[in-house]
Each structure stands twice: as structure tokens, then as C-alpha cells.
Amino acid sequence: MTSAAELVLLGVGIGIKLLLMPSYHSTDFEVHRNWLALTHSLPVNRWYYEDRSEWTLDYPPFFAWFEWSLSHLARWWDARIVDVDNLGYAAPSCVMFQRLTVILSELVLFMALQRFVKINGNSSQARVVAALAFFSPGFLFVDHIHFQYNGFLFGMLIYSLVLAYEGRDLLSGIMFAVLLCFKHIFMYIAPAFFVYLLLNYCLVYTRRQNSYRLNVAASVLNLLRLGVGVLAVFGIAFGPFAVMGQIPQLISRLFPFKRGLCHAYWAPNFWALYSFADRVLIVASRIAPNLLPNLSVNAAAIASTTRGLVGDSAFAILPDVAPLLTFILTLVAQIPGCYILLSSRRRSPTRFVQSVVLCAYASFLFGWHVHEKAVILVLAPLGLLMTTPTRHTLRMFVILAVSGYYSLFPLLFGIQELPVKTTGMLIWTLCALSLLKAGGQSAWKCLSALEKLYIIGHIPLFLLTELVSSTIFGHLQFLPLALVSVYTATGVLYSWCGLIIEFLFLS
């Protein structure tokens with residue numbers, strides 16, 4: 001049963017999000033409006049072929065059916081929303097409808113966090129963690145201003161992890177399979193789920209005298225249960241398209257490798273630092289050509305990583321990066337996450353969440369065409385560990401949260417959004433620093449002097465990139481965005497290294 005305090009929290013959250021309805025919305029708003037229209041107006045066999053709009057359907061089938069279900073309400077609300085030829089439609093009635101669907105679908109996140117609090121004994125720290133997750137700048141900025149449905153999707157992820165905490169591993173795996181059929185970005189954390197479910201659910205050991213032996217019959221039975229459950233989910237999602245012979249077309253939509261290494265705005269990851277290093281070398285080759293006489297400069301590629309378009313990224317001096325290389329680096333970087341599950345016979349749910357966090361980090365840091373919004377994939381599961389964190393884990397969470405959420409600022413580039421994002425980020429950060437605790441000390445007191453300096457460093461970064469006129473940068477118009485990417489990428493990488501040390505050697 002929902003308590004009075006939880007209802008107040010929910011009411012405040014909905015109220016704040018209703019006030020954000022008139023805010024700027026990105027092209028993702030038209031993306032989802034177009035998906036409402038095409039799923040409503042066209043037969044299923046045309047969904048993944050329709051291309052009248054540039055915003056073609058590129059999410060898995062369950063999300064397409066989610067849009068289809070919403071489209072029936074949209075037709076009743078405003079029939080022009082679901083007109084497949086009515087491109088770019090954004091009347092006030094359309095904006096209100098789509099904003100409301102985000103708010104209502106986010107109830108999944110709220111209920112998942114309720115369940116999380118319950119399994120943690122309704123402790124005050126668990127309530128703080130849940131409140132910080134529900135009001136996180138990630139969901140506030142990306143869903144309720146920029147426009148997406150992350151709260152709904154990450155609510156499903158948290159449900160899956162909570163089921164693992166409850167010891168209901170089979171349901172956890174099936175829930176994750178359902179999530180993959182809504183949005184395939186979650187496949188990056190699939191290795192953690194695979195290893196955990198294989199070793200903790202499928203392989204059953206029985207004690208005989210002073211040793212444990214594999215119970216083959218029970219293990220095979222559990223493997224069949226999990227396999228049938230997961231295959232049933234994927235069969236329901238992809239089966240109709242397989243029957244229609246559309247799997248190759250669907251896959252080409254889900255994995256568009258023609259896009260470049262970096263998004264138009266660099267996500268704060270390893271490739272942001274790599275791209276910035278390339279720009280620094282370009283400038284150095286111009287200023288002091290005699291000091292770097294052997295550099296070979298690709299003149300045609302000089303504008304590539306800063307032109308603000310989504311396309312192939314070419315580097316002027318550093319070697320170009322192929323999708324296969326990013327795939328290999330991501331897999332290698334996920335080894336620590338899988339190893340912590342392989343290192344003991346009984347894997348605790350906490351170790352499982354740690355594994356999910358490290359796998360998410362690997363995909364964010366080294367993946368192909370990573371969006372800055374994907375940092376939520378790391379922060380959402382990591383936040384669940386803040387109920388009883390060590391000082392070291394809490395420090396790394398705070399650094400990642402501040403740098404990761406601040407990296408979303410360039411998404412909200414309008415002057416009217418400046419007070420909202422600044423106030424939201426400041427209030428959330430102050431609450432996290434003061435309310436999250438480890439060993440009886442607040443997060444702020446747990447930070448080292450250098451880490452505190454890094455957190456405070458976001459203030460001059462904000463003044464320089466948000467308040468200072470862009471004219472002072474001259475022809476280096478890419479520099480403000482690059483500074484945000486590089487500064488926040490430093491925090492992301494630092495927290496990743498710190499958590500690998502914590503999870504592998506200190507936990």
C-alpha cells in the first residue's frame with residue numbers, strides 16, 4: 001500500500017513535470033509522434049519499412065506496440081496526431097498528450113522504486129535513494145523536457161533487479177527479456193544477466209557431506225525453464241516479423257552502423273577524449289608545425305567530429321575507429337563485470353548489480369555512437385547500491401552523478417531552459433551530497449579534497465560555457481561543447497576506474 005509520504009512525493013513529482021509541459025522539446029518529440037501515426041495508420045508489415053519521415057521506427061517490436069496502444073488514445077484526443085502525412089505536427093493538444101503519456105508511463109518507475117524501498121526494510125536511506133532516482137536530473141531533463149520514455153523503461157530494469165534481490169531469478173530474467181524487446185540498448189548489460197542467471201539460477205548445487213556437487217537434473221530443468229521463458233518473450237515480439245520475412249529489415253533499423261562513432265554532441269566517454277586529442281593535435285600542427293613535422297593531416301576530415309551532424313566520424317590525425325574495434329573494446333571492458341560473478345559459487349544480488357554497473361560503464365565508455373543520455377544506464381543501477389554503500393562506492397557515485405547529469409546540459413540549449421536545468425541540478429546535487437551517507441558521514445564529507453575540487457569545478461565550467469557569449473570563442477565554436485564533454489568524461493572515467501578497484505578488490 002502506498003503511504004501518505006509516497007503519495008506526496010508522487011504528487012510533487014507530477015506537479016513539477018506538468019509545469020514543464022511548455023518547455024522546449026527535441027526532435028525526439030516528432031520521432032515519437034511519427035511512431036504514433038505510423039503504427040496507427042499502417043498495417044504491421046509496413047511499420048519497419050515506412051520512410052515518409054526521416055524519423056523511421058528503430059525500436060524493437062514491444063515498443064512499437066506500446067506506441068500503437070497510445071495511438072488509440074491519441075486519435076480520441078486529437079486525430080491529427082496519428083495522421084502519418086502530418087509531419088512535424090506539434091500543436092498544443094499534441095504536446096500536452098505526449099507529455100502526459102511520459103508522466104503516466106513513469107508510474108512504472110515509481111512502483112519499481114516502491115518495491116525497492118520495501119525490500120530494504122523501508123529504511124530512511126532507501127527512501128532517500130528512491131526519491132533521488134525519481135527526481136533525478138536524468139529523467140527530468142531527458143524525458144520531461146528533451147522528450148523520451150526513459151522513466152518507463154528504467155522502471156522495468158529496476159523491477160528486474162529487484163526481482164533478483166527477492167530471489168526470483170527466473171522472473172528477473174524474463175522481465176529483462178521483455179525490456180530488451182522494448183529497447184535494445186539494454187543488450188549492453190545482457191552479459192551480466194547471462195552470467196548471473198546461468199551460474200546462480202541454472203546451475204544447481206547440492207551438498208553431499210562436506211562438498212557441493214552439480215545437480216545435473218535440476219540444472220537442466222532450470223535451464224529449460226529460463227530458456228522457454230526467454231524464447232517465448234522473443235517469439236511473441238519478433239515472431240510475427242519472422243513469419244513476414246522482415247527480420248533483416250528490422251535488424252537494419254535497430255543497428256544503423258552508418259551513423260558515426262560520436263553523436264553530434266560528444267558523450268562524455270573515451271571517444272570524447274580521443275576526439276578532443278585529435279582537435280588538439282590539429283591546432284598544434286598549425287601553431288608549431290616544426291615541432292610535429294611528421295604528422296599527417298587529413299584535411300577533408302578536419303570538420304568531421306565538430307560539424308554537428310550525425311554521420312561518419314573521420315579523424316584528421318589520429319587513426320579512424322571502426323565499429324568492430326568499439327565492439328571488441330566494449331567486450332574487453334566488460335570482463336571485470338563478468339569476472340566478479342565468476343569468482344564465487346553463490347552470487348549475491350548486490351554483486352549482480354555491481355556486474356550490471358560495470359557492463360553498462362563499458363558500453364558507455366567504448367561503444368559506437370553513444371548518446372550522452374546513455375549515462376543513465378550506469379547511474380540507475382549504481383544508485384540502487386547507495387542504500388548501504390562503502391565510502392569509496394559513495395564517492396564514485398557522486399562523481400559520476402554530477403559529471404554525468406551535468407553532461408546533459410547541452411541538450412537543453414535554450415535560454416528559457418537555463419533556470420530549470422540549473423535549479424534542478426543544484427537542488428538534486430545538494431540533496432545527494434547531504435542526504436546520502438556512508439559510515440555515518442555525508443557524501444560530501446566522504447569525498448577527498450581533489451574530488452571536492454572536481455565537483456566545484458563544474459561551476460566555472462558552467463559560467464564559461466553557459467553564460468559567457470559564444471563570440472569570445474571566435475572560430476572555435478565547438479570549444480564550449482568540447483569542454484563540457486572532456487571535463488565530464490574525466491569524471492566518468494575516474495569513477496569507472498574507482499569502481500573497478502572497489503568491486504574487484506575491496507568489496
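Which backbone oxygen does the side chain of arginine 33 reach? I looked this up first. The side chain comes to 3.2 Å from the backbone oxygen of asparagine 86.

**Ground rules.** I am working on a predicted model, where local features need pLDDT of at least 70, side-chain atom pairs count only at pLDDT 80 or more, and totals for chains, interfaces and linings use all residues. Residues are numbered from 1 along each chain as its sequence is written, and side-chain values use heavy atoms, with hydrogens and water left out.

**Arginine 33.** I place arginine 33 in helix H2, residues 27-41; helices are DSSP runs of H or I, at least four residues, numbered from the N terminus. Arginine 33 counts as buried because its relative accessibility is 0%. Buried means under 20% relative accessible area, taken with a 1.4 Å probe on protein chains only. I then listed its contacts (heavy atoms within 4.5 Å). Setting aside residues up to four places away in sequence, arginine 33 touches Arg80, Ile81, Asp83, Asn86, Leu87, Gly88, Tyr89, Cys94 and Gln98.

**Core.** Of its 155 residues, Phe186, Ile189, Tyr361 and Leu436 touch the most other members. Helix H16 (residues 349-366) gives the largest share of this core, 12 residues. I checked tyrosine 361 separately. Beyond its neighbours within four places in sequence, tyrosine 361 is in contact with Val378, Leu400, Val492, Ser495, Trp496 and Leu499.

**Helix H10.** Buried residues of H10 (residues 190-202) include Phe193, Tyr196, Leu199 and Tyr201. I found that their cover includes helix H8 (150-165), helix H9 (169-180), helix H11 (216-243), helix H15 (335-342) and H16.

**Cavities.** I count five cavities of 30 Å³ or more. A cavity is a set of points on a 1 Å grid over the protein atoms alone where a 1.4 Å probe fits but cannot get out; lining residues have an atom within 4 Å of a point. The largest cavity holds about 180 Å³ of space, its volume being the space filled by probe spheres set on points joined across faces, edges and corners. Among its 18 lining residues, Ala133, Leu379, Ala380, Gly383 and Tyr405 are the closest to the centre. H17 gives the most to this lining, with five residues.

**Cysteine 262.** I find cysteine 262 in the loop between helix H12 (247-254) and helix H13 (270-287). Cysteine 262 is buried, at 9% relative accessible area.

Methods: 1 Å grid on protein atoms, 1.4 Å probe; cavity = no way out; pocket = protein on both sides within 12 Å on 5 of 7 lines; lining within 4 Å. Helix = DSSP H or I, 4+ residues; strand = E, 2+ residues; numbered from the N terminus. Buried < 20%, exposed > 50% of the residue type's maximum accessible area, 1.4 Å probe, protein only. Polar contact = N/O pair within 3.5 Å; in protein donor to acceptor, adjacent residues only side chain to side chain. Core = buried A, V, L, I, M, F, W, Y, C linked by side-chain atoms within 4.5 Å.
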